[in-house]
Amino acid sequence: MPDLRARLDSAVPDLLAEHRVPGAAVGVALDGRTCATGYGVTNVAHPIAVDENTLFQVGSISKTLLGAVIGRLLEQGVLELDAPVAPLLGPDSGLDERITLRHTITHTSGIDAQNMIADAPRLLAGHADDSIQASLRHFAGRPVMFDPGTNFTYSGPGIMVAAAAVERATGRHYADLLRELVIEPAGMELTCTSADEAIFHRVAAPHGHAPDRSPELLVDRGWQRHWQLPGWDVPGGGVVSSAGDLLRYAAWSVSEAAPKRLFEPLASQGIAGHDIGLAWHLGETGGRPAMSHSGLTIGYASRLVLVPSTGLAYAVLTNSLHGEEFIRDLEKVILDAADVDTTAASTRPVPSDLAEALQGTYDCGFYGTVSIVPGARPGELAITANGARAEEDQYVIELEGADRAVLAGPDSLVTLSEDGAQGSLVGFVREDDGTVSAIRYHGRLDRRIA
């Protein structure tokens, strides 16, 4: 794949510098050929070159591996997709008895429990039990946001419930099942779930931005104890992998060896054209059906995309909390090299009646709130982030706003950069009377409060 490699070699160093990202690993498979390589450094304090085997936290890409475990257990008859999970977890779990495995793996359970990140510094203090089963006692008794199966909100704790059900149904530790059912069959030789395993390999360290936007090493800056995510976060975000391994995982996922229901649409994400399978996000890339998932942990951003009809799969891993814009720009280079249409989806100005209905403030839980206000340009809105203040022994993820947002579809806005490049979709829920009762910012359902 010489042309692609040349394009990557030309584009990536400049993009790393532009977005102040220390390093990235990139893997691309196209028509049976593969290219995996690295750029930049693993650590600004102790620089080593990133290569295709460098390990990164992959964040929420981990959820797709849980989906594969569940897919295999469904085929074996160990689990039932539409059976309630509460009986597996015991009479004292406190879990809503209407919640099924389908609901948990598709983020339609109504489980919110954002406190699992906000309160993690306190919950993990003193070497507390951080197992998947232990996570349940911190949130399972709380009321759900909506009747299970009737709505969508991205839910890490819902994923914890799915993994807890897997452990109860099999009597096995999740990390062991993951290795047996997915990691080893997919040929992911370097992939692991703990610092004890990762330490024997080249590992990218986490970074953010200093006040002058230069890359800054992040040490003990997240909700986890140190670098490794808590055990209860392994199913949802704690997998550590490389670009080469993710390409092998992508190839396995679309092969006859993989579970058959990975990409079956199981629920809507609440935005037209966007469904969800066994944790995989289902949509389109260049007008072709695509399966994808992104990941974000403290100091890392990642993305994995499969476009089977074109023989394309690609993985991008960065060691920066601010790597998402780098990934977005690099995707254009990859898709263009693969001759996949990168024309931005059509948008239009926000009609005045909808703009008026959208304006207001929405509760984002432990993140704080966001306010939708008139934009600086006609037909545009702006999203203002009103971050929450962390209490003692709490952690708060900083919300980011957007200066520009326009209409992307009947139920969604899309953010725009200053130069007009499209960013994230922001779904909204409009009632029969025309009012907007909630938005979906970063996939989470945020109710109107003003």
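Two strands are taken to pair if DSSP finds at least two bridges between them, and strands (E, at least two residues) and helices (H or I, at least four) are DSSP runs numbered from the N terminus. The model is predicted, so that local features need pLDDT of at least 70 and side-chain atom pairs count only at pLDDT 80 or more, while totals for chains, interfaces and linings use all residues. Residues are numbered from 1 along each chain as its sequence is written, and side-chain values use heavy atoms, with hydrogens and water left out.

Strand β1 (residues 23–30) pairs in the antiparallel sense with strand β2 (residues 33–40) over 8 bridges, and within this pairing Gly27 stands opposite Ala36 of β2. The two strands form a hairpin with 2 residues between them, where Asp31 in the turn has a positive phi of about 55°. Strand β12 (residues 312–318) also runs antiparallel to β1, to which 7 bridges join it, and here the bridge partner of Gly27 is Ala315. Of the 8 residues of β1, 8 are buried (under 20% relative accessible area, with a 1.4 Å probe and protein chains only; exposed is over 50%, and partly exposed lies in between). Gly23, Ala25, Gly27 and Ala29 make up one covered face of β1, and Ala24, Val26, Val28 and Leu30 the other.

A further antiparallel pairing links strand β13 (residues 360–363) to strand β14 (residues 368–374) over 4 bridges, with Tyr362 bridged to Val370 in β14. In the hairpin of β13 and β14, which has 4 residues between the strands, Gly365 takes a positive phi near 65°.
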